[in-house]
Amino acid sequence: MFIEPNLGLPDIHGNGGTGWIEVICGSMFSGKTEELIRRLNRAYIAKQKVEIFKPSTDKRYHESDVVSHNQQTIRSTPVQFASDILLLAGDCQVVGIDEAQFFDAEITRVVNTLANSGKRVVLAGLDMDYTGKPFYPMTELMAIADFVTKTHAICVKCGSIAAYSFRLTKSEEQVLLGEKDVYEARCRKCFNQGMKPTKTRL
Ligand code: ZN
């Protein structure tokens with residue numbers, strides 16, 4: 001049985017202006033965005049000033065909302081470049097960033113700069129692409145983070161804990177936006193079985 005660890009995350013900002021970076025990562029359908037929304041809502045309740053950003057490339061749901069698979073929403077600002085976040089963060093105390101894997105390489109410097117200026121930065125993103133390779137720049141963000149949380153989905157084949165996003169189509173683009181029509185969550189074993197070259201892909 002999988003037991004969610006008690007992470008002891010510091011929810012409340014304001015201990016002498018120290019900033020930090022939290023990364024929430026995992027496969028598709030693992031609840032990354034739900035966890036991001038949960039943490040940011042707690043910051044709202046604590047009456048902290050929160051700004052949320054997402055890459056403008058991800059328009060699957062609503063243009064200016066961060067929407068999770070279970071339809072929880074929170075207002076956000078779509079931005080084209082990572083450096084836009086520095087310009088728009090202003091004097092907020094908490095910066096939320098969803099779909100961080102779609103940002104350009106500048107995101108690492110941007111996030112460090114925000115944390116160094118005393119802000120709490122909470123990012124969510126895919127840790128691996130559909131081939132199981134680490135998803136840049138999430139790799140760097142996980143390295144510079146003060147806290148990393150890995151969320152898991154459930155394997156649709158066998159019910160085990162799933163860490164992989166298995167692509168159901170033949171496209172070989174690293175970025176192919178889609179939902180359950182394009183991806184399914186799989187455990188290591190079922191993912192590897194699906195990736196065997198002899199297997200006929202849908
Ligand atoms: Zn499985």
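**From an aromatic cluster to a zinc site**

Start at phenylalanine 191, which is buried because its relative accessible area is 3%. Buried means under 20% relative accessible area, exposed means over 50%, and partly exposed lies in between (1.4 Å probe, protein chains only). The model is predicted, so local features need pLDDT of at least 70 and side-chain atom pairs count only at pLDDT 80 or more, while totals for chains, interfaces and linings use all residues. Residues are numbered from 1 along each chain as its sequence is written, and side-chain values use heavy atoms, with hydrogens and water left out.

The structure holds 3 aromatic pairs. Rings of Phe, Tyr and Trp (its six-membered ring) pair if their centres lie within 6.5 Å; planes under 30 degrees apart count as stacked, over 60 as edge-to-face and the rest as tilted. One of these pairs joins phenylalanine 102 to phenylalanine 135. Their ring centres are 6.4 Å apart and their planes stand at 80°, so the pair is edge-to-face. Distant parts of the chain are linked here: phenylalanine 102 sits in the loop between β6 (94–97) and α3 (107–116), phenylalanine 135 in the loop between β7 (120–126) and α4 (138–144), 33 residues apart. Helices (H or I, at least four residues) and strands (E, at least two) are DSSP runs, numbered from the N terminus. Phenylalanine 135 is buried, because its relative accessible area is 3%.

Phenylalanine 191 belongs to another pair, with phenylalanine 166. The centres of these two rings are 6.2 Å apart and the planes meet at 85°, so this pair too is edge-to-face. Phenylalanine 166 lies in strand β11 (residues 164–167) and phenylalanine 191 in helix α5 (residues 188–195), so the contact ties together parts 25 residues apart in sequence. Phenylalanine 166 is buried as well, because its relative accessible area is 4%. Ring pairs gather Tyr164, Phe166 and Phe191 into a cluster.

Charges also sit over rings. That label applies if NZ of Lys or CZ of Arg is within 6 Å of the ring centre and within 35 degrees of the ring normal. Arginine 186 lies over the face of phenylalanine 166, 3.7 Å from the ring centre. Arginine 167 lies over the face of tyrosine 130, at 3.6 Å from the ring centre.

Now follow the charges. A search of the whole structure finds 8 salt bridges. Each is a side-chain nitrogen of Lys or Arg within 4 Å of a carboxyl oxygen of Asp or Glu. In helix α1 (residues 32–45), arginine 38 and glutamate 35 are 3 residues apart, which means about one helical turn lies between them. Their side chains meet in a salt bridge at 3.1 Å, N to O. Arginine 38 is partly exposed because its relative accessible area is 40%. Glutamate 35 counts as buried, because its relative accessibility is 17%. Arginine 39 also bridges to glutamate 35, at 2.7 Å, N to O. These two are 4 residues apart in helix α1, so about one helical turn separates them. Arginine 39 is buried, and so is glutamate 35. Salt bridges that share partners join Glu22, Glu35, Arg38, Arg39 and Arg120 into one network.

Next comes the nonpolar interior. A nonpolar core is a set of buried Ala, Val, Leu, Ile, Met, Phe, Trp, Tyr and Cys residues joined through side-chain atoms within 4.5 Å. The largest such core has 23 residues, and Ile85, Val95, Ile97 and Leu123 make the most contacts inside it. β1 (20–26), α2 (82–88), β6, α3, β7 and α4 each supply at least two of its residues. The largest share, 5 residues, comes from α3.

Serine 27 lies in the loop between β1 and α1. Serine 27 is buried, because its relative accessible area is 1%. Its C-alpha atom is 8.4 Å from that of aspartate 129, 102 residues away along the chain.

The tour ends at the zinc ion. Cys155, Cys158, Cys187 and Cys190 coordinate the zinc ion through their SG atoms, at 2.3 to 2.4 Å. Donors are N, O and S atoms within 2.8 Å of the metal (3.2 Å for Na, K and Ca); water is not among the atoms, so sites may look incomplete. In sequence the donor residues are spaced C-x2-C-x28-C-x2-C. What arrangement do the 4 donor atoms form around the zinc ion? They subtend angles of 101 to 118°, so the arrangement is tetrahedral. Four donors count as tetrahedral if all angles lie between 85 and 135 degrees. Cysteine 155 is buried because its relative accessible area is 3%. Cysteine 158 is partly exposed because its relative accessible area is 42%.

Notes: Tetrahedral: all angles 85-135°; square planar, octahedral: opposite > 155°, others 65-115°.
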